[in-house]
Amino acid sequence: MSKQADIAIIGIGVTRFGELFHQSYDDLVRDAAMQAVADSGVSMDDIGAAWLSTAFPEIGVFKGRSGMDLSEPLSLYNIPVTRVSNFCASGADAIRNAVNSLRAGECDVALALGVEKLRDRQPQDSIVKMMVEYGHPFLQKGFTAAGTFAVYANRMIKEFGVTREDISTVSVKNHYHGSLNEKAFYRKPCSLEEVMKSQMVANPLTVLDSCPTTDGAACVIMVRAEDVDKKKHKPIYIKGLGLSVSTGWDLPFFDPNHDFLSFEATRQAAKTAYKQAGITNPIDEIDLVEVHDCFSIVELLTYEDLGLCKQGEAKELIRGKETQLGGKIPVNVSGGLLSCGHPVGATGIRMVVEVANHLRGNAGERQVKNAKRGLTHNIGGPGAIASVIILEN
Amino acid sequence: MSTIISYGIALPHFRIEDSILNPKGKKGVMKAVCYTDEDIITLAYEATKDIPKGTIDGIFFATSTPVFQNRYHASYLADLLNLNQGILALDFTAGSRSGTDALLLAHEFIDTGKYNNILVVAADVVFPETGKELTAPFGHGVCALLLSNEKGNTEITTARSFSSALAEEFTYKLNDIQYDPRFSRDAGFKNNVSFSLKNIVKNPKTIDAVILNSLYARMAGGIFAKEGFEESQFAKDTLTSKIGNTGSAHALLLLINELENGKKNILLADYTNGTNYFEIKSTGAPKKKLLQEQLSSFDLINSYQDYLLIKKAGDFKSSQYSTKEMFSSEMMAEREKDTLLYLKGFKCEECGTIYYLKSTRCKKCKCDKFSIVQLNKTGTVYTLTNEHYFPASFPPIAMLVIDLDGGGRITVQQTDTMFPDKNNITIGSKVKLVLRKMIENDAKPNYFWKAISNE
């Protein structure tokens, strides 16, 4: 593949995440987009193409089924707008599509926005309902999202000597980080005992090992690096971008080759992104990481899949506090999905905004010192789809 | 003449004592009770799955508690068992005598030489109204017999039916109608049994077990004595106190019980609105006593509340969530039958990996050629979890990822998990697949595999 043009993020915006009962889907779109537009210094009319990421219109407010649900709240008409849907990797995929459009010369300024409005319904009506009432009548019936990851946890416990304490320590760490993030849903630290004694969801994962699905939106505005005006912009460069669909909805649970110890999709996406960014030793070459901790076990497992440690050694990283703020490689200093909440389509873009803030030195209390390079990671479906993005300042 | 060349039994795993059903009930007297995801179909499948099916050319399904309307249970079961398309499949649903009705007709069909092997299945699952658990006879179970024209150890030598106009209790257009019980017992039961007995038994002394299946069996001593029987010839109904009165399956279960006890000349009489008689000659007890095995293996339901949960009000609940809705599709069930029901897997012709689900290319070696293989119903748990938030009668639902013996991986729910403390299934445990209802709330039955311990 030939050397690709560098792409710069020049505008970022993110709403508060949580139960935003006072904001509608459209309000969230406006909130995130107007922040990004103001930050970028471009005008709304400069945007040449846009991508909207909403993963679950049908269990939300039935908005986000197409690009028009971005155009309408922003009055952003007469340009191409595409809805992107790739489960939890939807946001990252919106960015990928925008990047490719810029590289192809389709537009000069591209906007990617992720938004999800899940709390206009009762919690019982959302993701659990989807797993219970829809889907194949037999295959995987009985699983909720937590269960599909808990089966990995139990295998990790068996194979690698990971303990429940290790898993729950991820949650303790991220809730501490979240307490420093003014936009996070949960801003209260919690103890290991609280995590382990909270309501069991799918053993060994408790409620506090599981992220809440919330409302929220995030937005980035991008241009080609050559178009960056250093006087006006504080650019963050996209140096690597990998996305991989490595299995399907049902296959992980019916494939005898699958070991439930790793997500092939993450490994593939990381491989692509590392190659583009010229990274060979991630733990030494990356300063901060945002990992898709939808359930605490996923963060642990992803340390290994991202190559931050060898397989089976994730427990050492968490036990040595290496991934805590101030450690060798801080992971989820935003608080992660566990604290911020998980508006599915917005999460990937929220992570990019978080890392960009650190690379700009704007992250306040939770700033990772001298951050030069960061990574964001999402995993969607039952470990089927993963994205990895490498950002530099 | 016909022979019983094979049989199968299915009793639910759980029993409830009368003392739990009602404070006046006796301890130690039990009823067999279906788990939340069992019904006559799943029990009938369980009873018939190991019966040799090679040459079956007819299937009769008897029940007084049908679950389908406008659909033949016999046809449905024939399909579950993957019997030949279009075979003779009849339902017998008149009442609790229908089990022996089916047996009688199967015997006659074979005796005339038109049919070679007929599978007779009698199944009843009913829950009495709340408060009537001790007075209304109930108990869940299925008995299946394979009747054949081949030679065998157990022969039906005579089969006859004597009708009576008098039913003790019946419904007419949904209205319950009952004669004066003294009238119906004298003019109905006693009259019919004594009339028919005169016409059937030639040589009472040769019989070593008389089985009379009737709620009035105890009043029949005098009638039988008149015809030359002695009290010692009577086979006492020892099943009712262990599993309850299983309705249309009961007479057949009593017959199997006596065969397993080694009785050689049996007179079976089954009275409901008329009497069916059979004379059966056996050369000795079967080696594997299926009924005795299932009678001795059970767990007790320990509260009336659990019994009510098993009975189900209709909603599909967990502590957090309840629903009446769950997607079910007759089209999908039919289209994907080979995979979903018959467990046909796909074997990669290059590397030999066996997949449960169809794929275009092997995940391991990318070969695109597969042959179809039959997967096994036993296996080992590879990994698992307990789902506390998925609606279930007895949450949590255990989800098991199972490597099947001989190849193939499947992920299914564990069932019979009323007592979470007893569900000691972990990674590495041996399990087996059983057919159960996926949607428990009966709004739309659909049947799929679940797992139970096989250790």
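Predicted model: local features only at pLDDT ≥ 70, side-chain atom pairs only at ≥ 80, totals over all residues.
Chains A and B touch, with 31 residues of chain A in contact with 39 residues of chain B. Within chain B, the domain assignment gives domain 1 (2-311) and domain 2 (318-453).

**Where chain A meets chain B**

- On the side of chain A that touches chain B, the elements giving two or more residues are α4 (127-133), α5 (145-160) and β5 (200-202) of chain A.
- Helix α5(A) provides the largest share of that side, with 6 residues.
- By class, the residues on this side of chain A divide into 16 nonpolar, 9 polar and 6 charged.

**Helix α1 of chain A**

- Helix α1 of chain A covers residues 25-40, and its 16 residues should span 22 Å at 1.5 Å a residue; the C-alpha atoms at its ends are 23 Å apart, which agrees.
- The buried residues of α1(A) are A:Y25, A:L28, A:V29, A:D31, A:A32, A:A33, A:A36, A:V37, A:D39 and A:S40.
- An α-helix has 3.6 residues a turn, so residues three or four places apart point the same way.
- What do the buried residues of α1(A) pack against? Their partners are β1 (7-14), α2 (68-74), β4 (109-116) and β7 (216-224) of chain A.

**Strand β20 of chain B**

- Strand β20 of chain B (residues 378-387) is mostly covered, as 8 of its 10 residues are buried.
- With strand β21 (residues 397-404) of chain B, β20(B) pairs in the antiparallel sense over 8 bridges.

- How far apart are the C-alpha centres of domain 1 and domain 2 of chain B? They lie 33 Å apart.
- The two domains touch through 18 residues of domain 1 of chain B, in contact with 16 residues of domain 2 of chain B.
- On the domain 1 side of this contact, α2 (40-48) and α10 (304-311) of chain B each supply at least two residues.
- The largest share of that side, 4 residues, comes from α2(B).
- Sorted by class, the domain 1 side has 8 nonpolar, 4 polar and 6 charged residues.

How values were computed:
Residues numbered from 1 in each chain as written. Chains lettered and ligands numbered in written order. Contact = placed C-beta atoms within 7 Å. Nonpolar A, V, L, I, M, F, W, Y, C, P; charged D, E, K, R; others polar. Expected span 1.5 Å × (residues − 1). Buried ≥ 20, exposed ≤ 12 C-beta atoms within 10 Å, placed from the backbone. Pairing = 2+ DSSP bridges. Domains from an automatic or database assignment.
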